[in-house]
Amino acid sequence: MQSLPGFRDFVPKECAARNYIFHRWREVARRYGFVEWDGPVLEPTDLYTKKSGPEIVTQLFNFTDKGEREVAMRPELTPTLARVVAAHEREFKKPLKWFSIPQCFRYEKQQRGRLREHYQFNADIIGESALEADVELIALCVDLLRAFGFTAEDVVVRISDREFWIDFLRAQNVPEEKWEEVLQAIDKSEREPREKTAARLGSLAEPTFKILDGTGTSEKLEQVVAALRNRGLTEFVKIDLGIVRGLAYYSGVVFEAFDRGGKLRALAGGGRYDNLIQQLSDGAVSLPAIGFAMGDVVLGELIAEQPAAKAKMEEAIAAQQNLDIYVVIAKEERRADALAQIQALRDRGYRVDFPLTPAKVGKQFQTAEQLGARIAILFGDEWPQVKLKDLRTGEQSLLPHEGLSARFAALLSSPA
RNA sequence: GUGGCCGUAGCUCAAUGGUAGAGCUCCAGAUUGUGAUUCUGGCUGUUGCGGGUUCGAGUCCCGUCGGCCACCCCA
């Protein structure tokens, strides 16, 4: 039996990598004053069709439950967020700064960087229409990437504005029902031959390419960049009007993060969606909002490919997993005494392990080494003394078994 | 969902249509209770699965499942 296509097993190594990513996400989000929330993994299918139309069902992990309800594994968190915010809107002071790390699902053929299941960091600012919110969120996105050890050499956040294009379409007298089609064409323009895009755009091709080829910008985007300059983050961002994003509900600033090498899929993406909460709450609540998401799969791939980021992760994982103490039981008749000491040390919060069954001393030291223990305590003929060995220096000393904790505090607090 | 390429040990990969192998990992040893290196020995395969062609298939053909890539879609 193997796992279902597009689903992952997390053996300890992968689980540690995943948790490292989660830890960094949480750390940086809290640094920015965001609070964590979550919602159900399973939602009524309607929640998604309402926002995206019936075609979305082909992309969903959906089924009929035993109560004849049409349900779907969440493909994203934003509809749930809109529902929750609409329901509890009056309970919170605005603006809301919320983040979450949901596992999301999609029924699609998998490829590299795109599975049927992934974890997706989401951050949203709700109830603030000022551009400062856009800047704060883009800064968060940059700082999340920095937290993994990436520099402006490794990643870039490309920032655009849908409002710019809407103004453009109005100026060109394009009927509103064609806007979405044009935006889609612009979104695809980078990935397909120019002739194909030109065919999609028709008479709009010339003015559109002029904007995309030139240093297209807007006053709003310049303000965003200026504000990021105050934070010292401009080298990570670039105004790029070719970014439109596929979703129809984006209403203002949109942005996407990529690896500079351009080998991977987008690391993160988001934008302003000022009308979505109103739409999803059937008009009950209207709040401006901006949010973005960063997935764990592509991010993990980039970390693995970037030596500095990889080293940083491995160091963090080692610090998290290493043992403080490995107890070597050299004489089985000391096992009971060793277990008493092990329990006492664990009660004090030390990470302690020992051989569950009799084993040769050499093997026990090897295990201690492999588990990353700082200190070995040997229980054997020296009793009632025990032998202490610092596994980094090889230094050994003999101590009475009583009252060892003070000694450990000193040993373990010394720099690695 | 469509098309192309691929599928051999836990991992990375060999094997002209003719007896399925190597390295790494893992496990066990190398005279009494100390981590590395080294040395010795050992384990694991219905060659993804099912059919077919052939005296004979890991190898050729068909199907299926899985993976990768490009579309589609992108939350």
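Predicted model: local features only at pLDDT ≥ 70, side-chain atom pairs only at ≥ 80, totals over all residues.
Start with the largest nonpolar core, which has 72 residues. L137, I138, C141, V142, V157 and L267 have the most contacts inside it. Helix α4, residues 131–147, supplies the largest share of this core, 10 residues. Take C141 as a way in. Leaving aside residues up to four places away in sequence, C141 touches V157, A257, A268 and F292. Another core lies apart from the largest one. This other core has 18 residues, including V328, I342, A376 and V386.

Now turn to helix α11, residues 296–305. Its buried residues are D296, V298, L299, G300, L302 and I303. What covers them? The cover includes two helices, α1 and α12 (307–321). It also includes the strands β7 (117–126), β10 (253–259) and β12 (289–295).

The contact with α1 can be followed residue by residue. Helix α1 spans residues 12–31. From α1 come A17, R18 and I21; from α11 come D296, L299 and G300. By class, this contact holds three nonpolar, one polar and two charged residues. D296, L299 and G300 are also among the buried residues of α11.

How do the two helices cross? Two packed helices are described by the angle between their axes and the distance between the axes. For α1 and α11, the angle is about 105 degrees and the axes are 11 Å apart. Angles of 65 to 115 degrees count as roughly perpendicular. The two helices, α1 and α11, are therefore roughly perpendicular to each other.

Note on methods:
Residues numbered from 1 in each chain as written. Chains lettered and ligands numbered in written order. Axes fitted to C-alpha atoms, helices over the stretch in contact; angles between N-to-C directions. Helix = DSSP H or I, 4+ residues; strand = E, 2+ residues; numbered from the N terminus. Parallel < 35°, antiparallel > 145°, perpendicular 65-115°, else oblique. Contact = placed C-beta atoms within 7 Å. Nonpolar A, V, L, I, M, F, W, Y, C, P; charged D, E, K, R; others polar. Core = buried A, V, L, I, M, F, W, Y, C linked by C-beta atoms within 7 Å. Buried ≥ 20, exposed ≤ 12 C-beta atoms within 10 Å, placed from the backbone.
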